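Student: Hi! I have a new structure open and would like a hand reading it. Can we go through it together?
Tutor: Happy to. Let's bring it up and start.

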Amino acid sequence: MNNTVTSFTKKYLKSPFVWIGLLYLLTVKGHIEVIDTAYSIRTAEALIESGSMRIHPVDKEFTKFSVIPTEDGMIYSQFGLGLPVLFIPFITFGKLVAMILDQPQEILVAFVLSFYNVPFALLGLWFFKGILLKLGRREKQANATLTLVAIGTAYWPYTVTDFSEITQVAFLLGSLHSVLLNDQRKWCYFSLWFALLTLVKLAFLILLPLFLAYALHENRKCFIGQIKSMLHSGIFLFPMGIALAYANYARFGNILESGYGANPGFGFGINYFLKTALPSIISLDYGIILFNPILLTFPLWRKTFQANKQFA
């Protein structure tokens, strides 16, 4: 028995996830950094305390652009439903700790929420390692690569703050990992992770046709297989779509309204994209080409992509 425990402990301590997780836990900010997060926190707290999603805006100027505010200035957050749902257990725990320690609830909740990305970061890295192994890398190579990604890229600073990007990446990597599985239910797994992804940010629906096209291509010689993959892809996505449509109708009276309204609306998104797209690629401060070791070493990955040409 002792030998089994000792063997398990040694194996566990050799895992890069343990040390990466410890590094993340020691370097989280300990407070909320983004004003957008405050809207999701208030929505989650409203759900916990009253079962409503009406909140007081963090910035009172926002009431000028919000959809159907009440006379007392209460609004619905425009930042989606995914984060408030994910925040509920963290906020509940923060409130409980604040009550036990008799400390200010706001400070304790913010402190606990600053850790929320860590489990999603580790989940994303687990998916990332799985993808590498499926593409032909050996265990040591996969561990080395995920370690470099974890501590040598923007993955680290995004993990230890309250930005939602790491959570989005985890669910996206989960979707990618699912379609590489040698399992008849893999498109069901894809549906789960992609449904969670769209719950956090609806804009990712733009990627759905790419996944579905791959599903059709993968089963191009079997029409029944194509039908099954389409049905499996919708097993979680379809109910999630209905739930989001209902939530939009219940809040705004329109299934296509997500809270942004006409102002700033679609034009804001396009203008912001045009302003930031090019610098995000080539900027000397944060450009993805200069700060992404995976892209920089892409020529060395040729053999890896040959392991699964269709997926590549």
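Student: Which residues of helix α5 are buried?
Tutor: This is a predicted model, and in it L108, V109, A110, V112 and L113 are the buried residues of α5, a helix that covers residues 105-113.

Student: And what do the buried residues of α5 pack against?
Tutor: They pack against helices α3 and α4.

Student: Let's look at those two, then. At what angle do α3 and α4 pack?
Tutor: The angle is about 70°, and the axes are 8 Å apart. Here α3 is residues 35-50 and α4 is residues 82-101.

Student: Why give an angle and a distance?
Tutor: Those are the two values used to describe a pair of packed helices: the angle between the axes and the distance between them.

Student: So what do we call the arrangement of α3 and α4?
Tutor: Roughly perpendicular, because an angle from 65 to 115 degrees counts as that.

Student: Which residues make the contact?
Tutor: From α3 they are T37, S40, I41, T43, A44, E45, L47, I48 and E49. From α4 they are L83, P84, F87, I88, I91, T92 and K95. Sorted by class, the contact has 9 nonpolar, 4 polar and 3 charged residues.

Student: New topic: where is S77 found?
Tutor: S77 is in the loop between β2, residues 75-76, and α4.

Student: Is S77 buried or exposed?
Tutor: Buried, because its relative accessibility is 4% and the cut-off for buried is under 20%.

Student: What is S77 in contact with?
Tutor: Beyond its neighbours within four places in sequence, S77 is in contact with Y39, T43, I55, R251 and S258.

Student: Now T167. Where is that one found?
Tutor: T167 is in helix α9, which spans residues 165-179. With 0% relative accessibility, T167 counts as buried too.

Student: Which side chain does T167 join in a polar contact?
Tutor: The side chain of Y116, at 3.3 Å. Setting aside neighbours within four places in sequence, the contacts of T167 are L86, Y116, N117, F120 and V200.

Student: Zooming out, how many helices and strands are there in the protein chain?
Tutor: There are 15 helices and 2 strands.

Student: And how much of the chain counts as buried?
Tutor: Of its 312 residues, 40% do. The accessible surface of the chain comes to about 18600 Å², with 67% of that belonging to carbon and sulfur atoms.

Terms used
Residues are numbered from 1 along each chain as its sequence is written. This is a predicted model: local features need pLDDT of at least 70, side-chain atom pairs count only at pLDDT 80 or more; totals for chains, interfaces and linings use all residues. Side-chain values use heavy atoms; hydrogens and water are left out. Axes are lines fitted to C-alpha atoms, for helices over the stretch in contact, and angles run from 0 to 180 degrees between N-to-C directions. Helices (H or I, at least four residues) and strands (E, at least two) are DSSP runs, numbered from the N terminus. Angles under 35 degrees count as roughly parallel, over 145 as roughly antiparallel, 65 to 115 as roughly perpendicular and the rest as oblique. Contact means heavy atoms within 4.5 Å. Ala, Val, Leu, Ile, Met, Phe, Trp, Tyr, Cys and Pro count as nonpolar, Asp, Glu, Lys and Arg as charged, and the others, Gly among them, as polar. Buried means under 20% relative accessible area, exposed over 50%, partly exposed in between (1.4 Å probe, protein chains only). A polar contact is a pair of N or O atoms within 3.5 Å; within protein, one must be able to donate a hydrogen and the other to accept it, and residues adjacent in sequence count only if both atoms are side-chain atoms. Accessible areas come from the Shrake-Rupley method with a 1.4 Å probe; for residues, only the protein chains shown count as cover.
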